[in-house]
Amino acid sequence: MAAAARGGRADRAGIERDQRRVAELRAEIDEHDRRYYVDDAPAISDAEYDALIRELRGLEAAHPELVVPESPTQRVSGAPAALFTPVAHRQPMMSLDNAFEVAELLAWGERLERRLGAGPGDAPVDYVCELKIDGLAVSLVYEDGLLVQGATRGDGRVGEDVTANLRTVTAIPKRLPAGAPEVLEVRGEVFMGRAAFDALNDRQGRAGQRLFVNPRNAAAGSLRQKDPSVTASRELSMWCYQLGAVRGGPRFGRHCETLEFLAGLGFPVNPEIELKPNLDEVHAFCRHWEDHRHDLDYEIDGVVVKVDDLARRDELGSTSRAPRWAIAYKFPPEERTTRLLDILVSVGRTGRATPYAQLEPVFVGGANVSQATLHNEDQVRVKDVRVGDVVVVRRAGDVIPEVVGPVLPRDDPDRPPWTFPAVCPCPRRSPLVRPEGEADTRCVDLQCPFQLAGSIEHFASRGAMDIEGLGEQRVRLFLDLGLVHDIGDLYSIDWERVRSLEGFGDTSVANLRAAIEASKARPLANLLVGLNIRHLGPAGAEALAAAMGDLDRIIAASAEEMAAVEGVGPVIAHAVHGWFADPGHRAVVDKLRAAGVNVRGPERADVPQVLAGKAIVVTGTLAGWTRDEAEAAVKARGGKSPGSVSKKTLAVVVGEGPGASKLTRAEELGVPVVDEAAFAALLETGALPG
């Protein structure tokens with residue numbers, strides 16, 4: 001009896017604890033809804049918001065008696081702001097349920113097909129897959145072909161009248177062609193493209209104004225301007241995804257037919273929408289765009305999957321907040337919020353001092369992140385991030401994590417702004433200087449240990465002298481022990497002393513020594529890259545090496561002579577000329593020359609320039625050429641061999657094991673894909689076969 005009583009008290013305590021947590025979650029979610037939908041100033045990332053919703057759903061599922069109609073799980077998020085006139089939607093603009101894992105997406109589809117009785121022998125379910133645009137949902141209403149009303153989603157039933165602002169969006173038709181329905185409502189997503197977003201933040205930065213955190217917030221804020229001319233200056237666009245209320249128009253049986261109809265009337269319909277016959281292909285579509293989301297000039301955060309058959313949609317119906325016939329498959333988050341613990345400065349191989357953030361570790365973009373770049377002094381000032389702030393951190397694909405901005409308002413409004421340090425963080429404490437007219441601050445001490453280590457690591461890197469085995473740890477060890485002082489010393493290392501060091505056996509010493517010796521034969525262009533001359537990259541180095549022929553001629557040339565070389569220009573020319581004018585740099589070159597490092601340029605190829613100005617991309621392993629030989633053959637004929645496919649690419653040459661992303665990009669852009677035999681003909685004639 002006593003045990004049962006204790007168990008009953010524990011159960012009641014657990015229920016009371018869950019009740020309190022449900023109340024906390026609802027209040028917290030309501031506050032985040034207001035900040036996101038009304039203020040356009042979210043305090044947490046989408047992923048963190050989704051986690052709150054999922055926790056609330058789990059508690060309500062465990063305690064159905066706690067579910068109430070006003071719960072965030074039972075209604076559409078958001079509310080119309082008081083700044084604009086309210087608009088009652090002709091049909092509710094509902095939310096979507098989310099799937100965060102493939103298993104959830106497939107489970108949704110299987111439940112849906114069971115409801116429809118779509119078993120063996122029945123009509124299959126076709127799905128329309130649409131990119132989930134990260135923007136602001138709106139409704140457009142046309143009467144007799146004229147745009148008469150535009151509204152935000154609001155709470156799904158009542159939105160904000162932003163007609164005047166939507167009229168400034170060039171992608172939105174203001175008048176429809178003859179034959180349009182008497183009344184036509186169209187739903188879509190207003191967004192800001194990446195290029196427009198970057199341009200806007202560039203203008204904001206130059207004006208000393210706060211930067212926008214992401215394109216979605218920028219689009220929402222731009223659409224909610226009282227002055228339509230401000231909206232017009234923000235380069236907003238739109239993709240239409242749904243037909244709303246219609247009077248006097250044609251009848252449709254499938255969603256894909258409605259999209260074709262809207263496109264025929266001049267509405268922007270996303271070209272990536274695809275019809276899929278089963279869930280496996282839906283999954284493949286989602287996986288493709290999760291991998292290629294950054295190929296687009298606009299932000300997406302998932303894929304929306306819809307049943308195509310409109311009659312089947314009616315059969316499935318909706319819950320109080322979302323249709324059962326659609327779901328949003330959400331991609332892993334690329335933005336999260338965390339605490340900024342400190343702002344430090346790193347110094348690179350060119351002396352550039354870059355501020356970076358030390359963060360409370362956070363999982364974002366598929367990795368744990370504890371540091372993120374802040375770019376330069378101006379970016380820290382414009383973003384106004386301060387030590388102790390809660391900040392938004394973004395990591396997209398393989399891009400270096402960055403701090404996007406602070407979450408405002410601050411929990412401590414008196415937190416002081418960060419100031420750039422006056423001295424280098426290296427032991428020499430050298431002065432940091434920001435040259436007039438430049439955005440970067442630099443350490444001007446050429447003996448700065450950070451610069452020396454960075455320059456030697458760069459010299460040994462694959463794009464320069466390609467010295468395998470000479471990485472960051474070994475470079476710093478050799479510097480600390482005085483085995484090297486600059487790149488010229490690499491060729492006169494005391495190997496007996498190295499052999500005495502812990503971790504260096506006969507084999508590792510022999511391998512490193514052989515790698516350094518082999519680097520002496522690298523092409524002149526590689527040496528030029530390895531010298532760590534500011535502004536001089538691989539393309540400029542190749543142009544100089546080919547035009548000048550050897551290092552002595554480059555050293556003797558004037559800046560004007562170098563600037564006249566195609567692919568060089570005055571900025572690179574003055575940087576190269578100034579570098580070689582420094583006596584310390586010339587002493588390093590003398591060491592390299594004495595060690596037998598190659599200083600001769602390539603022999604001029606006596607072949608017709610049939611590929612002049614043309615770009616050929618090589619991917620995979622060819623039987624008759626190494627990758628370097630194939631690229632050299634293209635360049636010898638006046639062509640270019642970039643590492644990526646673009647609209648300017650003449651052809652993509654494919655060998656064994658090609659890069660999937662290059663093939664996909666070639667297909668998307670309509671660039672011809674050719675085999676090795678066609679490549680040989682291309683080198684001979686400069687034209688594609690057939």
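User: Which residues of α6 are buried?
Analyst: The buried residues of α6 are Pro215, Arg216, Asn217, Ala218, Ala219, Ala220, Gly221, Ser222 and Leu223. Buried means under 20% relative accessible area, exposed means over 50%, and partly exposed is in between, with a 1.4 Å probe and protein chains only. This is a predicted model, where local features need pLDDT of at least 70 and side-chain atom pairs count only at pLDDT 80 or more, while totals for chains, interfaces and linings use all residues. Residues are numbered from 1 along each chain as its sequence is written, and side-chain values use heavy atoms, with hydrogens and water left out.

User: How many residues of helix α6 is that?
Analyst: Nine of the nine residues in α6 (residues 215-223) are buried, so the helix is described as mostly covered.

User: What about the whole protein, how many helices and strands?
Analyst: The protein has 24 helices and 21 strands. Helices (H or I, at least four residues) and strands (E, at least two) are DSSP runs, numbered from the N terminus.

User: And what size of box do the C-alpha atoms fill?
Analyst: Along the principal axes, the box is roughly 85 × 75 × 60 Å. Of the 690 residues in the protein, 47% are buried. The accessible surface comes to about 33000 Å², and 51% of that belongs to carbon and sulfur atoms. Those areas come from the Shrake-Rupley method with a 1.4 Å probe; for residues, only the protein chains shown count as cover.

User: What share of contacts joins residues at least 24 apart?
Analyst: It is 68%, among contacts between residues at least 6 apart in sequence. Contact means heavy atoms within 4.5 Å.

User: Switching to helix pairs. At what angle do α3 and α9 cross?
Analyst: The axes of α3 (residues 102-116) and α9 (residues 279-292) cross at roughly 150° and come within 11 Å. Axes are lines fitted to C-alpha atoms, for helices over the stretch in contact, and angles run from 0 to 180 degrees between N-to-C directions. The two helices are therefore roughly antiparallel to each other. Angles under 35 degrees count as roughly parallel, over 145 as roughly antiparallel, 65 to 115 as roughly perpendicular, and the rest as oblique.

User: Which residues make that contact?
Analyst: From α3 they are Val102, Leu105, Leu106, Gly109, Glu110 and Glu113, and from α9 they are Leu279, Val282, His283 and Cys286. By class, the contact of α3 with α9 has six nonpolar, two polar and two charged residues. Ala, Val, Leu, Ile, Met, Phe, Trp, Tyr, Cys and Pro count as nonpolar, Asp, Glu, Lys and Arg as charged, and the others, Gly among them, as polar.

User: How do α12 and α13 pack, at what angle?
Analyst: Helix α12 (residues 449-460) and helix α13 (residues 472-480) pack at about 130°, with their axes 10 Å apart. That angle makes α12 oblique to α13. In the contact, Phe450, Leu452, Ala453, Ile456 and Glu457 of α12 meet Glu472, Val475, Arg476 and Leu479 of α13. The contact of α12 with α13 divides into six nonpolar, no polar and three charged residues.

User: What sits in the loop between α12 and α13?
Analyst: Asp466 is in that loop. Its phi is near 55°, a positive value in a residue other than glycine. Most residues other than glycine have a negative phi, and most peptide bonds are trans. Asp466 counts as partly exposed, because its relative accessibility is 33%.

User: And where does His535 lie?
Analyst: His535 lies in the loop between α16 (524-530) and α17 (538-548). Phi of His535 is near 80°, again a positive value in a residue other than glycine. At 46% relative accessibility, His535 counts as partly exposed.

User: Which residues does the cis peptide bond join?
Analyst: It joins Leu408 and Pro409, with omega about 0°. Pro409 is in the loop between β16 (402-406) and β17 (432-433).

User: Back to α17. Is Ala541 buried or exposed?
Analyst: Ala541, which lies in helix α17, is buried, with a relative accessible area of 0%. Not counting residues up to four places away in sequence, Ala541 touches Ala525, Leu528, Val529 and Leu536.

User: Last one: where is Thr354?
Analyst: Thr354 is in strand β13 (residues 352-364). Thr354 counts as buried, at 17% relative accessibility.
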